[in-house]
Amino acid sequence: MLSSKEFRNFAEEKDYEYTEHNLPMKKTLLTTLSLFAVFATAMAQTDLNKPFGWTNCTSLTSGDDYTTKGGNAVASPKTVTLKATGGDDKNNIANAIKNNQIIILDGTNGDFTVSSTVGMSGMSNKTIVGINGAKICTKFYLTEEMRRALDDANVKSASTSSGTGGTLSNGQSVSEKRELLTRQTLIDLTKDNSETYRTAGVLKISSCTNIIIRNIKFVGPGPCDVGGSDLITATGNVHLWVDHCDFTDGQDGNFDLTNGCNFCTVSWCTFSYTERAYDHANSNLVGSSDSNTSDEDKLNITFAYNLWGTKCNQRMPMARFGTIHLLNNYYNCPGASLCVNPRINSEFLIQGNYFEEGVTKPFSESSSKAYTFDGNYYVSWSSQPANKGTVSLPYTYTAISADEAKAAVSQLAGATLSDPLDITGISTAVSHTVVDVQPAAPSAAYNILGQRVADNARGLVIVNGRKILRQ
């Protein structure tokens with residue numbers, strides 16, 4: 001629950017907000033207190049600070065029989081704390097993940113930058129968290145010059161149908177006209193025939209088990225149709241819990257779960273885009289292909305208490321196969337062309353979600369197995385279809401009303417945690433030494449022989465009179 005000070009701050013904030021809208025003061029106060037009551041109730045019932053949903057299941061019929069513990073599944077987890085270098089942090093992050101169970105990204109020295117996606121393959125029992133406003137950004141991003149060049153090439157009017165494409169100047173074949181024009185325009189502008197910009201993502205997690213990611217801000221280059229990387233690409237993972245993270249401006253998607261991912265929960269996250277966005281603002285894909293029948297009985301994902309916000313256009317989520325539980329999410333993405341999109345052989349339980357004004361098409365389906373609506377609220381849509389079959393879940397949970405969900409998600413979603421390693425029901429008695437392996441952009445670095453070395457040199461380095469051990 002909130003402290004009295006937090007309650008007072010909340011009330012003052014809401015009083016100011018509603019007074020600005022010229023409501024009478026008495027009504028403003030009553031509205032404030034009512035909103036607080038809704039918020040406090042929702043907070044007490046929802047943000048339980050522990051993994052829940054599909055991530056804690058081991059089969060389609062056995063729920064709450066597994067606990068996703070991440071690095072704390074190991075008796076004495078090895079822990080490391082990283083700070084940004086001011087340069088390319090990809091290798092430092094990759095090595096930290098490889099060699100430790102608990103990885104703490106400390107934002108004290110500024111934002112982390114990665115030149116391409118950091119790979120995690122075949123790993124288990126890892127917890128990756130952010131503190132002090134930790135943010136990981138892609139090195140490449142779409143500039144205004146690039147967006148103007150794409151407009152000059154009439155990219156947005158080009159077809160996205162397969163078979164309309166051609167061959168790029170670097171010899172690569174592309175099936176769709178829009179992707180062909182986008183990639184060729186960027187090749188011409190950047191002179192990068194290798195198209196390294198297509199790897200502008202943050203994490204690629206493949207065939208991993210028991211992974212927790214919390215309290216990190218992921219920032220990408222801006223979406224455009226190049227068949228590129230997601231901020232997080234998850235394939236073939238089991239027991240993945242991503243909680244209280246922000247996803248902004250993913251190139252292809254913000255966070256996609258495909259190719260055999262199973263028993264995953266995405267909770268209290270935000271998804272959005274900024275002025276960097278060009279097109280293809282398609283946030284969350286579950287399942288990569290209609291023909292990938294190996295995904296039958298997999299791709300069981302819980303999306304709970306998330307916010308889809310500014311400029312999100314489609315895939316919130318779009319899913320093939322699997323059973324998707326959309327619990328108490330808040331859709332504040334006016335102008336979106338399509339939010340919830342069940343596709344081939346998928347099942348959706350759409351429960352207690354709030355669709356804000358301007359979200360005129362919350363739902364459309366194609367060849368789904370089943371979908372059930374329960375207690376959703378729509379401001380601008382009045383054509384909810386009848387339920388198709390029934391959708392059952394093996395785990396226990398508590399649903400709140402759509403109004404309560406809006407209040408709670410608006411206040412709590414995103415990288416808002418003060419102590420992301422403090423997880424209810426999971427021992428976090430971790431002892432470790434914080435090693436400052438990445439000081440922020442030092443002016444001079446020397447090895448123990450007194451020779452000038454690169455700022456990111458490994459080993460024992462003297463930086464501005466300090467001894468730094470870079471691993």
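Pocket. I found 31 residues lining the largest pocket, with Asp 252, His 280, Asn 282, Leu 285 and Arg 315 nearest its centre. A pocket here is an open set of points on a 1 Å grid over the protein atoms alone, where a 1.4 Å probe fits, with protein on both sides within 12 Å along at least five of seven lines; lining residues have an atom within 4 Å of a point. I noted that α5 (177-190), β12 (232-235) and β15 (255-258) each give two or more residues to this lining. Helices (H or I, at least four residues) and strands (E, at least two) are DSSP runs, numbered from the N terminus.

Source notes. This is a predicted model: local features need pLDDT of at least 70, side-chain atom pairs count only at pLDDT 80 or more, and totals for chains, interfaces and linings use all residues. Residues are numbered from 1 along each chain as its sequence is written, and side-chain values use heavy atoms, without hydrogens and water.

Asn 49. I placed Asn 49 in the loop between α2 (25-46) and β1 (79-83). Its side chain makes a polar contact of 2.9 Å with the side chain of Arg 214. The Asn 49 side chain also reaches the backbone oxygen of Asp 422 at 2.6 Å. A polar contact is a pair of N or O atoms within 3.5 Å; within protein, one must be able to donate a hydrogen and the other to accept it, and residues adjacent in sequence count only if both atoms are side-chain atoms.

Cores. I counted 66 residues in the largest nonpolar core, where Ile 213, Phe 218, Phe 247 and Phe 255 touch the most other members. Helix α3 (residues 90-99) gives the most to this core, with 3 residues. Such a core is a set of buried Ala, Val, Leu, Ile, Met, Phe, Trp, Tyr and Cys residues joined through side-chain atoms within 4.5 Å. Buried means under 20% relative accessible area (1.4 Å probe, protein chains only).

Definitions and conventions
Buried means under 20% relative accessible area, exposed over 50%, partly exposed in between (1.4 Å probe, protein chains only).
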